[in-house]
Amino acid sequence: MSDSQPRHLNLNAFLLHTGHHIAAWRHQDVPAHQALDFDYYRKIAQIAESGKLDAIFLADHIGINQASGEDIEVQQRSARAVFFEPLTLLSALAVVTRHIGLIATASTSYHEPYNVARKFASLDHLSGGRAGWNVVTSASNTEARNFGLARQTPHALRYEQADEFVRVVQGLWDSWEDDAFVVDKEGGQYFDPRKLHPLNHKGAHFEVAGPLNIARAPQGHPVIIQAGSSDAGQELAAKTAEVVFTAQQNIETAQTFYSSLKSRLPRYGRSWNDLKIMPGMFFVVGDSESEASEKLEQLQALLPPQVGLGLLSSQMGSTDLSPYSIDGPFPENLKEPEGHKARFHLLVQTALREKLSIRQLYEKIAPARGHWTVHGTAAQVADQMQDWFENDAADGFNVMAPTFPGGLDDFVKKVIPELQRRGLFRRDYEGKTLRDRLGLARPSSVYDT
C-alpha cells in the first residue's frame with residue numbers, strides 16, 4: 001500500500017471446523033457431517049472472498065488428545081478430532097477462489113525446512129501469489145509422541161530451532177533469482193545457471209544443501225505469520241514475521257502488546273509498517289443487541305461441563321485442574337507449563353483479576369479460547385473494531401465466527417458494509433497478491449545486485 005492510500009483494516013477469516021464456539025457443532029444451523037466435506041469449506045472460503053477479506057487462516061494440530069478416558073470424552077463431545085491437513089485443503093480452495101489469501105499453519109517442531117519451503121512456494125504458484133505460512137512451535141506432548149518423542153521440546157529450545165528453521169526456509173525461497181528461467185528454445189537453454197544458488201546451510205539444528213526445486217514464488221516469499229505472544233515469541237516475530245496473530249482480551253492489554261512488539265522492530269532493521277498485528281476477535285452479531293446476546297446464550301447452553309474443563313486445561317498447556325473445585329476460587333500458584341506459556345498467563349491473570357471460578361473461566365473462553373469477544377449490532381461491533389484500530393491496539397483482526405457458515409455470512413453481510421461506510425475497509429480487492437492486500441513489500445532476493 002502506498003503512503004497516499006488511506007490506511008484500512010486487514011481482516012482474515014479464521015477457519016475452524018464448525019465454528020469457534022466449542023459447542024458450535026451442536027447448533028441447529030451447522031451441517032452435521034462437514035468435517036471432510038470439501039463443498040462445506042468451499043462455501044466458507046467463497047463467503048469470505050465475497051466480503052473482500054484478506055485471507056482465510058487455517059490453524060493445525062498434529063494429533064488428537066487421547067492420554068486418558070477423559071480426553072477421549074472431551075474429543076468426542078467437541079468435534080475437534082478430525083480435520084484436513086491445511087496445505088492440502090488450501091491447494092484445493094485455490095482453484096475455487098480468485099483473490100483471497102490462503103494461510104496455513106506448519107510447525108517448525110515436526111516438519112523439515114526443505115519440505116515446508118517447497119510446499120508453500122508451490123501453493124504460492126498455484127494460487128497466483130496468495131500463500132501465507134503461519135509459523136508455530138508445537139506445544140503438546142500428544143504431538144511429540146506422534147513423532148517418536150516422549151515429550152515436547154523445551155520452550156526456549158523450540159524458539160531457538162524455529163529461528164533457524166525460518167532462516168533456512170527464506171534462504172531456500174531465494175534459490176532461484178526471479179529471471180532465472182530464460183526458456184530459450186532456439187538457444188537450447190532452459191535456465192541461467194548463474195542465477196541458481198545452493199543454500200549449503202550448516203547450523204546448530206539443521207543442515208540443508210538446497211537449492212529448492214521450484215522457481216521463486218510470485219510473492220518472492222510467501223507471507224510469514226507468527227502467533228507466539230511470549231517474550232521469546234515476540235522476539236521471533238520482530239525478527240521474522242510480517243503478520244502476528246495474538247490473543248488479547250481488552251484494548252489496554254492489546255495496546256501494551258502492540259507497543260511492545262512494534263518497538264522491537266528497529267533492532268532488526270525493520271519499520272513500524274513492516275509488521276501487521278491482528279488479534280483474534282470472536283463476534284456474535286444480531287439485528288439488535290438483545291438478539292446478539294440471545295444467540296451467544298444459545299451456544300453457551302450447548303456446552304457440557306467436561307468439555308469446558310478439558311478446553312481450559314488444553315489452553316493452559318495441559319495443566320491438571322482436576323484436584324480443584326470447579327466452582328471454588330481459582331487456584332493460585334499453578335505451575336507454568338512448557339507449552340502455551342503466554343496463553344497460560346493470560347488466563348490465570350484473567351481469572352484472578354476478575355475473581356472467576358474454574359467453571360466461570362471456561363465459560364468465558366468457550367466462545368474464543370481466550371481471544372477478545374464482542375457481540376451486538378453491526379454498528380456496535382464496528383465501533384469496537386474502530387476503537388482498537390485507531391488507538392494502536394490492532395492493524396486488523398482474525399475474525400472468529402461463532403458458527404460456520406452462518407456466523408461468517410452474518411459478518412460479511414452486516415459488519416463489512418458498516419466498516420465500508422466508515423471508510424475502514426476496502427470495497428474491492430487491490431493488487432494481485434496477498435502482500436498487496438496486506439500492504440507488505442515484496443522481499444528482494446539476497447542475491448539481487
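This is a predicted model: local features need pLDDT of at least 70, side-chain atom pairs count only at pLDDT 80 or more; totals for chains, interfaces and linings use all residues.
**View 1. Helix 8 and its buried face.** Welcome to helix 8, which covers residues 251–262. This helix has twelve residues and spans 16 Å from its first C-alpha to its last, close to the 16 Å expected at 1.5 Å a residue. Look for Ile251, Ala254, Phe257, Tyr258, Leu261 and Lys262, which are buried. Seen down the axis of helix 8, the buried residues fall within an arc of 125°, so they line one face of the helix. An α-helix has 3.6 residues a turn, so residues three or four places apart point the same way. Glu252 and Thr256 are exposed, and they sit on the face of helix 8 turned away from its buried side. As for neighbours, the buried residues of helix 8 pack against helix 7 (231–240), strand 8 (243–246), strand 9 (276–285) and helix 13 (378–390).

**View 2. A salt bridge between Asp395 and Arg7.** The structure holds 27 salt bridges, and here is the one that Asp395 forms with Arg7. The closest N and O atoms of this pair are 3.0 Å apart. Asp395 lies in the loop between helix 13 and strand 11 (396–400), while Arg7 belongs to the segment before strand 1 (10–15), so the pair ties together parts that are 388 residues apart in sequence. Asp395 is buried, with a relative accessible area of 5%, whereas Arg7 is partly exposed at 42%.

**View 3. Arg216 and its salt-bridge partners.** Start with Asp174 and Arg216, whose salt bridge brings the closest N and O atoms to 3.0 Å apart. Asp174 is found in the loop between helix 6 and strand 5, and Arg216 in the loop between strand 6 (207–208) and strand 7 (223–226), so this pair ties together parts that are 42 residues apart in sequence. Both of these residues, Asp174 and Arg216, are buried. Arg216 also meets Asp178 in a salt bridge, at 3.2 Å from N to O. Arg216 has 5% relative accessibility and counts as buried, while Asp178, at 44%, counts as partly exposed. Through shared partners, salt bridges join Asp174, Asp178, Arg216 and Arg442 into one network.

View 4. Phe181, Val183 and Tyr190 make a nonpolar surface patch of about 290 Å². One of these residues, Phe181, lies in the loop between helix 6 (155–173) and strand 5 (201–202). Phe181 counts as partly exposed, at 30% relative accessibility.

How values were computed. Residues are numbered from 1 along each chain as its sequence is written. Side-chain values use heavy atoms; hydrogens and water are left out. Patches are made of residues with over 30% relative accessible area and no salt bridge: like charges are joined within 9 Å, nonpolar side chains (Val, Leu, Ile, Met, Phe, Trp, Tyr) within 5 Å. Accessible areas come from the Shrake-Rupley method with a 1.4 Å probe; for residues, only the protein chains shown count as cover. A salt bridge is a side-chain nitrogen of Lys or Arg within 4 Å of a carboxyl oxygen of Asp or Glu. Helices (H or I, at least four residues) and strands (E, at least two) are DSSP runs, numbered from the N terminus. Buried means under 20% relative accessible area, exposed over 50%, partly exposed in between (1.4 Å probe, protein chains only). The expected span of a helix is 1.5 Å times one less than its number of residues. The arc is that of the directions from the helix axis to the C-beta atoms. Contact means heavy atoms within 4.5 Å.
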